[in-house]
Amino acid sequence: MNLVIDIGNTVAKVAVFDGVSLLEVAYDSNRNLEHLSDIYSKYHFEKAIVATVIDLSEQVLAQLALLPIPVLWLNETTPLPVVNLYETPRTLGYDRMAAVVAANEQFPGKDILVIDAGTCITYEFVDAEGRYHGGNISPGMQMRFRALHQFTGRLPLVQREGRELPMGKDTETAIRAGVLKGMEYEISGYIVAMKHKYPELLVFLTGGDDFSFDTNLKSIIFADRFLVLKGLNRILNYNNDKI
Ligand SMILES: Nc1ncnc2c1ncn2[C@@H]1O[C@H](COP(=O)(O)OP(=O)(O)O)[C@@H](O)[C@H]1O
Ligand SMILES: CC(C)(COP(=O)(O)O)[C@@H](O)C(=O)NCCC(=O)O
Ligand SMILES: [K+]
């Protein structure tokens with residue numbers, strides 16, 4: 001079994017894979033992997049992979065150091081099943097690469113746009129020859145709600161759940177629609193622009209933020225909440241003989 005750990009800016013994900021099958025996922029705070037010991041004792045693991053986009057707390061480092069199996073720390077030196085054309089591989093967030101690796105595994109000969117809506121929204125492009133060209137980073141949903149509150153004198157902190165209108169009729173609905181429609185139009189805009197350039201383009205959507213689209217683009221999107229974990233598992237298997 002493979003132990004796959006993805007530590008994001010908001011949530012840490014701990015997953016169990018048997019070959020390519022995902023058996024279980026646990027969600028933890030990124031400051032303390034509380035579920036790790038329980039999961040570890042339930043299965044027989046051979047190896048692990050860790051990807052992080054934050055500097056880890058002493059606690060998480062200590063929890064990972066206790067693992068009695070080989071651990072692959074994903075970074076710019078890790079051999080990958082796609083070509084990395086990012087100009088600064090040392091500064092790349094490897095959760096982004098993992099999502100690309102999983103999408104490319106499902107559709108090897110295709111141009112793919114991968115959209116990951118987590119703390120940030122990231123847009124990644126991998127071409128039909130398996131070359132990762134890079135992509136863009138923009139604020140995630142919670143960040144948008146919080147930024148509007150934090151950087152103004154009068155705007156409240158609005159929650160995702162509540163009355164949704166196409167155009168706001170009061171401060172709360174104006175902010176909610178502004179954030180949600182802003183994300184929707186941003187995402188649709190990327191898809192339309194990239195489809196224009198790459199007519200055969202496939203689109204994957206992943207990340208913790210589920211949101212619904214009303215557009216006809218919905219039908220061309222593959223939604224997969226576990227894309228990053230699946231990509232990390234593929235990278236771990238790809239490096240089987242090296243760890
Ligand atoms: N149970 C949950 N705990 C925390 N965030 C959640 C939860 N369910 C959904 N979310 C949403 O998912 C986002 C985190 O998504 P994720 O892709 O895991 O982010 P990251 O990889 O940046 O940590 C949060 O910003 C939040 O809006
Ligand atoms: C862009 C990100 C903040 C996204 O993180 P996430 O939303 O998954 O927590 C992360 O991938 C990161 O810190 N990247 C480093 C900069 C770069 O990729 O170039
Ligand atoms: K993200």
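User: Which strands does helix H6 lie across, and at about what angle does it run to E1?

Analyst: Two notes before we start. This is a predicted model, in which local features need pLDDT of at least 70 and side-chain atom pairs count only at pLDDT 80 or more, while totals for chains, interfaces and linings use all residues. Residues are numbered from 1 along each chain as its sequence is written, chains are lettered from A and ligands numbered from 1 in the order in which they are written, and side-chain values use heavy atoms, without hydrogens and water.
Helices (H or I, at least four residues) and strands (E, at least two) are DSSP runs, numbered from the N terminus. Here, H6 covers residues 227-238 and lies across E1, E2 (11-18), E3, E4 and E5. Its direction makes about 130° with E1, where axes are lines fitted to C-alpha atoms, for helices over the stretch in contact, and angles run from 0 to 180 degrees between N-to-C directions.

User: In what order do the five strands of that open sheet stand?

Analyst: A sheet is read strand by strand, through its pairs: two strands pair if DSSP finds at least two bridges between them. In this case the order is E3-E2-E1-E4-E5, with mixed pairing. E3 (21-29) and E5 (71-73) are the edge strands with a single partner each, so one side of each has no neighbour in the sheet. On average, neighbouring strands are turned by 15° against each other, direction ignored.

User: Where can I see parallel and antiparallel pairing here?

Analyst: For the parallel sense, look at E1 (residues 2-7) and E4 (residues 47-52), which share six bridges. Within that pair, Val4 has Ile49 of E4 as its bridge partner. For the antiparallel sense, turn to E2 and E3, joined by eight bridges; there Lys13 is partnered by Tyr27 in E3. E2 and E3 also form a hairpin with two residues between them, and Gly19 in the turn has a positive phi of about 60°.

User: What is the strand order in the open sheet of six strands?

Analyst: The order is E6-E9-E8-E7-E10-E11, and the pairing is mixed. E6 (83-84) and E11 (221-223) stand at the edges with a single partner strand each, so each has one side without a neighbour in the sheet. E6 runs parallel to E9 (residues 131-139), with two bridges between them. Asn84 has Tyr132 in E9 as its bridge partner. H5 (residues 171-197) packs on this sheet, touching E7 (112-117), E8, E9, E10 (202-206) and E11, and its direction makes about 10° with that of E8.

User: How do H3 and H6 pack against each other?

Analyst: For two helices, check the angle and the distance between axes. H3 (residues 94-106) meets H6 at about 80°, with the axes 7 Å apart. That makes H3 roughly perpendicular to H6, a label for angles of 65 to 115 degrees (under 35 is roughly parallel, over 145 roughly antiparallel, the rest oblique). Contact means heavy atoms within 4.5 Å, and the residues that meet include Ala98 and Val101 in H3 with Leu232 and Ile235 in H6.

User: What does Pro81 touch, and where is it?

Analyst: Pro81 sits in the loop between E5 and E6. Setting aside neighbours within four places in sequence, Pro81 contacts Val101, Arg234, Ile235 and Tyr238.

User: Which residues surround ligand 1?

Analyst: A residue is near a molecule if one of its heavy atoms lies within 4 Å of it. For ligand 1 these residues include Gly8, Asn9, Val11, Lys13, Gln142 and Asp209. Next, look for polar contacts, pairs of N or O atoms within 3.5 Å. An oxygen atom of ligand 1 is 2.8 Å from a polar backbone atom of Val11, and one is 3.3 Å from a side-chain N or O atom of Gln142. The protein covers 64% of the 570 Å² of accessible area that ligand 1 has on its own, by the Shrake-Rupley method with a 1.4 Å probe.

User: And which residues come nearest to ligand 2?

Analyst: Of the 13 residues around ligand 2, the nearest are Asn9, Tyr86, Gly93, Asp95 and Arg96. Polar side-chain atoms of Asn9, at 2.9 Å, and of Arg96, at 2.7 Å, approach oxygen atoms of ligand 2. A backbone N or O atom of Gly93 lies 2.8 Å from an oxygen atom of ligand 2.

Note on methods:
A polar contact is a pair of N or O atoms within 3.5 Å; within protein, one must be able to donate a hydrogen and the other to accept it, and residues adjacent in sequence count only if both atoms are side-chain atoms.
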